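User: Could you walk me through a few local features of this one? I'll ask as we go.

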Amino acid sequence: MTKTLATAAATLLSLVAPASAHRLDEYLQATIISVEKNRVQAFTRLAPGVAVSSLVIANIDTNGDGIISDTEQQAYAERVLRDLSFSVDEHRLKPRLVSVAFPMTAEMKEGLGEIQIEFTADLPGAGGSRELIFENHHQSRIAAYLVNCLVPRDKNIQITAQNRNENQSFYRLTYVQAVGRPDPSSLGLWPGVRASLGTVVLLLFAGLTLIWRQRAKHGMPA
Amino acid sequence: MRIRVQRGPCSSLFVLLVAAAATTVVRAHSLYQSAVMLDFAGDELHAELQVPLERIGSVFGKPIHSQTLDLNRTSLTAYIMCRFHARTPDGRAFQTRLASPLAIAVVDGAPYLVARMVLDPPAQSQAEVLEIEDDVVLDSMPAQVALVSIRSDWSTSVFANDPQLVGVLRGNSRSLTIDRTGRSWFRGFASMFRLGIRHIAEGTDHLLFLLALLLPAPLLALGSRWAGFAGVGRGLLQILKVVTAFTVGHSITLALAALGLVHMPSRPIEVLIAVSTLVSAAHALRPLFAGREPGIAAFFGLIHGLAFAATLGELGLGRWERVAGVLGFNLGIETMQLIVVVAAMPSLVLFSRTRAYPVIRIGGALFAGFASAGWIAERLLGVRNSVGVVVDSVANHAVWIAGVLSLTSLVCYLAVA
């Protein structure tokens, strides 16, 4: 009877229970980056799974009184910021905190709350092709990282590529910052490849034409 | 994970009750974010709102799940329709209606309430610049976040295979301006053209099939072996015939499949494409169908076209966009094909007049055969192998390889001339 019930229970669970997208022993850290003309903004949400929430809370609530004070919130946000790195065109940026929001400790313990940290950094002025690198190493032993980028509101900025490493602790964003409005219908594709391919083909046709002309001149068959 | 167990009074049913209770409250460790997915088709705007069931249940003060959805459908619909709006910059509201009844769907492993809506712009207005306002859950839970993405928009070249995240709604920032100025039909068309170019440039199986078929094109078949050079004119004509036949073949099936007139599962198509490369590799070693290459190219082109159509199928295009998409995508394919043929043709013609050509032909055919055998094993039998990695790494250096082959062919030719 017990076996039958257990089997029925397992079947029922397998049919209806949703698959877990993120493991509960992970500290999910999702960052959304927004690039503007003179600055880069980032919004990071940190959601500890229920199995690691006590560890995370202990890191935040340093005096262990069960309440996360404003000072503790600020100190933790600064610590997160130190574990992140931002660079543009190999210039390391200095991010500044814009806002911090913490959930109730009870919510975090249940794996429901998320910490929200917003920060910004000034960009060194330049145009053309730019490369932004974002790295997150906060609580790397338990972390699951996600990074994404908003489509820039400034139409002079066009994202050309996003690359991430496997665990998304490393993120590279390449974009073009035009001085004027970019041509939306531009068919630009691998300029280097086009140039080299074009050169090779032109050289060969020039060579072939010369050979054929010489052969024709000497009355030799093609 | 939080599991609330509703304990039943009867101990013999305890296990079942635990399971039944768990099915409704087991939660994925998700960020519980909402999502707004926008699809633009001409001046039509469709929005799909995804709200975590856990959050909407908290707002309603009762659990919402598949068993209680019907009971709460009217109030949930009213709640959402009152809190989700689109407006023009001058404040005129879009007419919002549900495209289909509210549904529950699993998104990223967590259960979500999904509302699919149609937003009709006000008279004499186009959905070029609009403001999206979303208060669903956000007005009750300041920490809740809604990510707004454009999932498809031909005129700004956004397609369903790569939605664009355009904004984050949260706290007091619960509206977002979507600016589509500068949109044009040509942007979608240009994207399709680029996609066609990239598809061939990165689609090593298509390229290898074509190149293997072109390897013996400048040669004459003598019985069961390839003999000497057939002449420049004949060689070029043969190359032109093969490429044209391949183009005609894949264009026919690409159009038929992309317009929904032909349906074929992708797996056998992928296997057949690998087989086509194997056949053309074998033909490059020994003439199997000498003089009938254009027919073979056209036949296998039909199969390659079905694979091209699968790429278009992932983009979520509307009916008319699909027609334009087929045209732009095919033009891109032809352009890239032409670039490859033009880059390879001089080397083939020059090499074929030297004694080095058998080495090039047999080497190329063996490489194509090796690659196709690996693909067949992987696609047909599921045997994972590193053929793809090897072929991709060779393809990554294709321009240099083509350059070196071109110069070598020139040197070899001049040496014998």
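**A strand residue and some helices**

Analyst: E131(B) lies in strand β7 (residues 129–134) of chain B, where strands (E, at least two residues) and helices (H or I, at least four) are DSSP runs numbered from the N terminus. This is a predicted model, in which local features need pLDDT of at least 70, side-chain atom pairs count only at pLDDT 80 or more, and totals for chains, interfaces and linings use all residues. Residues are numbered from 1 along each chain as its sequence is written, while chains are lettered from A and ligands numbered from 1 in the order in which they are written.

User: Is E131(B) buried, exposed or partly exposed?

Analyst: E131(B) counts as partly exposed because it has 17 C-beta neighbours inside 10 Å; a residue is buried if 20 or more other C-beta atoms lie within 10 Å of its own, exposed if 12 or fewer, and partly exposed in between, with C-beta atoms placed from the backbone.

User: And what is E131(B) in contact with, leaving aside its neighbours within four places in sequence?

Analyst: With those set aside, E131(B) is in contact with A86(B), R87(B), S175(B), L176(B) and T177(B), contact meaning that the C-beta atoms, placed from the backbone, lie within 7 Å.

User: Switching to helices, which residues of α12(B) are buried?

Analyst: G403(B), L405(B), S406(B), S409(B) and Y413(B) are the buried residues of α12(B). Viewed down the axis of α12(B), they fall within an arc of 165°, so they line one face of the helix; the arc is that of the directions from the helix axis to the C-beta atoms.

User: What does the face of α12(B) turned away from the buried side carry?

Analyst: That face of α12(B) carries the exposed residues W400(B), I401(B), V411(B), L414(B) and A415(B).

User: How do the axes of α7(B) and α8(B) cross?

Analyst: The axes of helix α7 (residues 266–285) and helix α8 (residues 293–313), both of chain B, come within 9 Å and cross at roughly 135°. Axes here are lines fitted to C-alpha atoms, for helices over the stretch in contact, and angles run from 0 to 180 degrees between N-to-C directions. α7(B) and α8(B) are therefore oblique to each other, given that angles under 35 degrees count as roughly parallel, over 145 as roughly antiparallel, 65 to 115 as roughly perpendicular and the rest as oblique.

User: Which residues meet there?

Analyst: Among them, I269(B), L272(B) and I273(B) are on the α7(B) side, with F300(B), I303(B) and L306(B) on the α8(B) side.

Conventions
Two residues are in contact if their C-beta atoms, placed from the backbone, lie within 7 Å.
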